[in-house]
Amino acid sequence: MGVRLMVVDDHRLLAEALASALKLRGHRVLAAAAPAAGAAELVIARAPEVCLLGTAAPAEAGAFDPVVRIKSERPQIAVLVLGPVPSPRGIAAAFAAGASGYVRHDERIEGVERAIIKARAGEAAVAPQLLQGAFADLLNPAAQPDDEGQRLLEALTPREVEVLLRVADGEDTRLIAAGMHIAPSTARTHVQRVLMKLGVGSRLEAAALAARTGLLDRAGPLP
């Protein structure tokens with residue numbers, strides 16, 4: 001039986017793509033939204049069984065305030081945090097706030113669905129590889145992780161960074177061209193160069209990679 005759920009993420013393209021994929025698998029998606037604020041109020045008002053709640057910076061103070069608010073007013077809602085590869089502190093903070101689990105932005109749809117089913121059943125939903133990574137970080141605190149987001153950002157020109165931000169916001173080639181005051185053919189070329197430099201095959205993959213590595217937050221808002 002399908003799950004009544006919501007997808008709430010700051011990156012509209014990711015939210016809508018995930019919502020569409022879950023609908024095709026028989027789940028009832030009440031909303032696919034990307035509010036900068038008001039996420040908790042939206043979820044409380046719609047009262048799904050499970051909420052996939054996106055965050056770009058799980059280690060930042062206040063990142064899980066919406067989870068606290070949701071669980072305070074609607075404790076029956078299972079909240080799954082959707083975010084980049086977290087630190088041990090990020091995972092701990094999510095559960096401390098009341099989350100039922102943590103799912104990476106680039107998780108396969110089968111993994112997302114398994115987490116949703118577990119969360120609805122009242123079980124903790126964290127991929128084994130995330131827990132293994134968290135334990136490895138705890139056991140080796142001196143090890144410095146590779147800053148993939150910074151490396152990718154340095155590989156892109158300022159123009160290409162803007163293109164990536166627009167792709168992550170769900171803009172098609174026409175909107176990218178209009179927003180940057182360039183020809184559609186030039187916009188397509190920029191998009192292809194971004195995909196090539198990131199080593200991905202689609203706009204959705206590019207947006208997911210950028211979100212997972214924190215590249216979008218490093219890049220800042222659109223000019």
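Two strands are taken as paired if DSSP finds at least two bridges between them. Helices (H or I, at least four residues) and strands (E, at least two) are DSSP runs, numbered from the N terminus. With that in place, here is the chain.

This is a predicted model, so local features need pLDDT of at least 70 and side-chain atom pairs count only at pLDDT 80 or more, while totals for chains, interfaces and linings use all residues. Residues are numbered from 1 along each chain as its sequence is written, and side-chain values use heavy atoms, with hydrogens and water left out.

First, the overall counts. The chain has 12 helices and six strands. It has 223 residues, and 45% of them count as buried; buried means under 20% relative accessible area, exposed over 50%, and partly exposed in between, with a 1.4 Å probe and protein chains only. The accessible surface comes to about 11100 Å², and carbon and sulfur atoms hold 54% of that. Those areas come from the Shrake-Rupley method with a 1.4 Å probe, and for residues only the protein chains shown count as cover. Among contacts with a separation of 6 or more, 68% are between residues 24 or more positions apart. Contact means heavy atoms within 4.5 Å.

Now the sheet. In what order do the six strands lie? The order is β2-β1-β3-β4-β5-β6, in an open sheet with parallel pairing. As background, strands of a sheet pair through backbone hydrogen bonds, either parallel or antiparallel.

Two of the pairings in detail. β4 and β5 (residues 101-104) run parallel and are joined by four bridges. Within that pair, G83 has R104 of β5 as its bridge partner. Helix α2 (residues 39-46) packs on the sheet and touches β1 (4-8), β2 and β3 (50-54), with its direction at about 165° to that of β1. Helix α5 (residues 109-120) also packs on the sheet, touching β1, β3, β4, β5 and β6, and its direction makes about 155° with that of β4. For those angles, axes are lines fitted to C-alpha atoms, for helices over the stretch in contact, and the angles run from 0 to 180 degrees between N-to-C directions.

The second pairing is β1 with β2: five bridges, again parallel. V7 stands opposite A32 in β2. Four of the five residues of β1 are buried, so the strand is largely enclosed by the rest of the structure.

Staying with β5, take V103, which lies in that strand. V103 is buried at 4% relative accessible area. Beyond four places in sequence, V103 contacts L80, V81, L82, G83, V112 and A115. P84 is 19 residues from V103 in sequence, and their C-alpha atoms are 8.3 Å apart.

P86 sits in the loop between β4 (78-83) and α4 (88-97). Is P86 buried or exposed? P86 is buried, with a relative accessible area of 8%. Its contacts, leaving aside neighbours within four places in sequence, are P58, I91, Y102 and L130. R212 is 126 residues away from P86 in sequence, with 9.2 Å between the C-alpha atoms.

Next, the helices. In α7 (residues 148-155), G149, L152 and L153 are buried. Down the axis of α7 these fall within an arc of 100°, so they line one face of the helix; the arc is that of the directions from the helix axis to the C-beta atoms. The buried residues of α7 pack against α8, α10, α11 and α12 (215-219).

Helix α9 (residues 173-180) has T173, I176, A177 and M180 buried. Seen down the axis of α9, they fall within an arc of 95°, so they line one face. R174 and A178, on the other side of α9, are exposed. The buried residues of α9 pack against α8 (158-168), α10 (184-198) and α11 (203-213). After α9 comes H181, with a positive phi near 60°.

Last, E160, in helix α8. E160 counts as buried, at 2% relative accessibility. Which side chain does E160 join in a polar contact? It is K197, at 2.8 Å. A polar contact is a pair of N or O atoms within 3.5 Å; within protein, one must be able to donate a hydrogen and the other to accept it, and residues adjacent in sequence count only if both atoms are side-chain atoms. Not counting residues up to four places away, E160 touches A155, R193, V194 and K197.
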